Amino acid sequence: MRDKNEAEICARALETSEPWITLRRGYKHSIKPLMDPSREVYVATQGKEIVGFVLLDVRGPFRGYIHLLCVMPEWRNYGIGALLVKQVEQRVFREYPNVFLCVSSFNRAAQRFTNEWVSNASARFQITS
Ligand SMILES: CC(C)(COP(=O)(O)OP(=O)(O)OC[C@H]1O[C@@H](n2cnc3c(N)ncnc32)[C@H](O)[C@@H]1OP(=O)(O)O)[C@@H](O)C(=O)NCCC(=O)NCCS
């Protein structure tokens, strides 16, 4: 995150997106972690416009935990979410074995996105005994 203005843009995007609408955890709950220098934020941009972002936590027991992932509504389904997750994977797998992401049971769109992610990921691995 480059500055407070960027953090505010990201936090405001959450207010109009599931799951944060249903969970009632929009701006107020996300501005603090977005400004926390111990978390890592990756921002996707088109020119000067922020089109999506991911907030990553590499501390504590779940090192590699995706705390927030959001693509701005008008930019969804262009592959930006997949690009952000790929960036996280590259970053996390340099040091840790797992990437964690929680998806709410009512967040069907995100479930379809993560199903796609998991099926692509498993294609890269082989299981042997
Ligand atoms: C979930 C989210 C991050 C996905 O980002 P995105 O940029 O729209 O996703 P992508 O365009 O990278 O899609 C990646 C794959 O998932 C699939 N996908 C994404 N959204 C989908 C949907 N609503 N329905 C079906 N498939 C979907 C795409 O078809 C794509 O597969 P493909 O590459 O084979 O075409 C975005 O919808 C979002 O910000 N949602 C609101 C916040 C949220 O739910 N965050 C996640 C909390 S866990």
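Quick housekeeping. This is a predicted model, where local features need pLDDT of at least 70, side-chain atom pairs count only at pLDDT 80 or more, and totals for chains, interfaces and linings use all residues. Residues are numbered from 1 along each chain as its sequence is written. And when I say helix or strand, I mean a DSSP run, numbered from the N terminus: H or I and at least four residues for helices, E and at least two for strands.

On to the sheet. It's an open one, built from four strands in the order β1-β2-β3-β4, with mixed pairing. Strands pair if DSSP finds at least two bridges between them. Strand β3, residues 65-71, runs parallel to β4, and two bridges join them. In one of these, Tyr 65 has Phe 100 in β4 as its bridge partner.

Now the helices on that sheet. Helix α1, residues 4-15, packs on it and touches β1, β2 (49-57) and β3, with a direction about 90° from that of β2. Helix α4, residues 80-93, lies across β1, β2 and β3, at about 35° to β2. Those angles run from 0 to 180 degrees between N-to-C directions, using lines fitted to C-alpha atoms, for helices over the stretch in contact.

What about the inside? The largest nonpolar core has 21 residues, and Phe 53, Val 54, Leu 55 and Cys 70 have the most contacts inside it. Such a core is a set of buried Ala, Val, Leu, Ile, Met, Phe, Trp, Tyr and Cys residues joined through C-beta atoms within 7 Å. α1, β1, β2, β3 and α4 are the elements that give two or more residues to this core, and α1 gives the most, with five. Take Leu 55: setting aside neighbours within four places in sequence, its contacts include Pro 33, Val 41 and His 67. A contact means C-beta atoms, placed from the backbone, within 7 Å.

Last, some local spots. Burial goes by other C-beta atoms within 10 Å of a residue's own: 20 or more is buried, 12 or fewer is exposed, and in between is partly exposed. Arg 12 sits in helix α1 and is partly exposed, because it has 13 C-beta neighbours inside 10 Å. Glu 18 and Pro 19 are joined by a cis peptide bond, with omega about 5°. Arg 24 has a positive phi, near 55°, without being a glycine, and with 9 other C-beta atoms within 10 Å Arg 24 is exposed. Asn 77, in the loop between β3 and α4, also isn't a glycine and has a positive phi of about 70°.

Definitions and conventions:
Two residues are in contact if their C-beta atoms, placed from the backbone, lie within 7 Å.
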